Amino acid sequence: MRNFKIYICMLLSIVIGGCSNNQDVEPTAKSIRSIDDFAWLGTLHNSFLDSVSRDGHEEGTRTGHTQIDWEQVHIQQVAQAQSLNIEPVYKDILVNSICDTKEFYDTDKLYVSAFPNGNLSEISAQFGRLFHLQVIDNFELSILNELATDTKKNMDGVITNAQLTETVDRLCLLWNNKYGLSIKKDGLYSGYILSIAKASMEWWNDEDIPTRAATEVIGADVAGAIVGAASSAIIQYSTTGKVDAKAVGYSALGGAITGSTGIVGKVGKLITKFIFG
């Protein structure tokens with residue numbers, strides 16, 4: 001993995017040393033009552049999509065310029081991540097996640113990474129490992145497996161975007177019912193992933209922007225989040241014996257950003273400064 005040693009050092013500094021939380025928008029464990037309390041992460045995800053899509057579709061259509069300079073897209077997204085007002089250690093994790101999942105701009109490569117050999121066995125095995133390590137509980141295991149299953153179905157064209165959205169909404173409701181009254185840190189792993197998925201569905205289903213309806217598959221956002229989160233949690237546990245949930249959240253965010261950007265590019269909604277010199 002790119003910058004593996006640097007990434008491990010950052011995770012060690014979080015898990016072993018701990019970090020103070022000075023971000024007002026981020027919930028503490030005791031304040032969490034619903035998926036909506038993770039909305040700050042979903043808002044960050046959608047801000048990256050807004051930056052890529054803003055005015056780009058109209059410009060590309062008008063000029064007939066369809067070539068995408070993905071390197072420039074990547075540079076801009078790294079710069080955007082570096083400009084965020086978040087704790088430096090988590091900012092570095094997000095930047096590294098965007099870099100590590102750079103190939104997800106190619107949706108086909110994202111699919112292979114999430115579902116090797118076209119099946120769910122590897123991602124299910126990763127979830128199972130996290131369950132046996134007591135990183136996630138049985139309820140989260142069930143939620144994550146269902147989310148991965150329907151995400152793959154969406155990317156395979158088996159279920160529609162509307163059906164995937166229904167799945168995400170239902171799983172968020174189940175999460176709220178399970179963890180809504182908890183004052184412990186239970187459910188944080190799945191909470192971060194579901195918050196990104198929920199925000200992504202809202203962005204793609206915005207009826208005020210008809211061009212988004214042209215996208216047949218929106219599961220790439222969720223697939224990227226799943227891969228980013230699972231990789232982060234497993235690396236953390238393998239090196240420290242612990243998992244920092246917020247680090248998982250930012251890793252999931254990075255994977256979702258690159259995965260969703262590839263879909264945005266496919267429908268031609270690219271910000272002009274990314275494409276035209």
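**Close-up 1. Lys-198 and Asp-36 join their side chains in a salt bridge.** In this predicted model, the N-to-O distance of the pair is 3.4 Å. Lys-198 sits in helix α10, which covers residues 188-204, while Asp-36 belongs to the loop between α1 (4-17) and α2 (39-53). The pair therefore ties together parts that lie 162 residues apart in sequence. How accessible are the two partners? Lys-198 is partly exposed, with 21% relative accessibility, and Asp-36 is partly exposed as well, with a relative accessible area of 48%.

**Close-up 2. Asp-36, Lys-198 and Glu-202 form a network of salt bridges.** Here the view takes in Glu-202, which is linked with Asp-36 and Lys-198 in the network. Across the whole structure, a search finds six salt bridges.

**Close-up 3. Glu-71 and Lys-102 make a salt bridge.** Look for the closest N and O atoms of this pair, which are 2.6 Å apart. Which parts of the chain does the pair tie together? Glu-71 lies in helix α4 (residues 70-82), and Lys-102 lies in the loop between α5 (88-100) and α6 (107-114), so the contact connects parts that are 31 residues apart in sequence. Glu-71 is partly exposed at 38% relative accessibility, and Lys-102 is partly exposed at 30%.

**Close-up 4. Within helix α8, Lys-152 and Asp-156 are four residues apart.** That spacing separates Lys-152 and Asp-156 by about one helical turn. Their side chains meet in a salt bridge, with 2.7 Å from N to O. Is Lys-152 buried or exposed? Lys-152 is buried, because its relative accessible area of 12% falls under the 20% cut-off. Asp-156, at 37% relative accessibility, counts as partly exposed.

**Close-up 5. Asn-154 is a buried residue of helix α8.** Stay with helix α8, which runs over residues 138-156, to find Asn-154. The relative accessible area of Asn-154 is 0%.

Technical notes
Residues numbered from 1 in each chain as written. Predicted model: local features only at pLDDT ≥ 70, side-chain atom pairs only at ≥ 80, totals over all residues. Heavy atoms only, no water. Helix = DSSP H or I, 4+ residues; strand = E, 2+ residues; numbered from the N terminus. Buried < 20%, exposed > 50% of the residue type's maximum accessible area, 1.4 Å probe, protein only. Salt bridge = Lys/Arg side-chain N within 4 Å of Asp/Glu carboxyl O.
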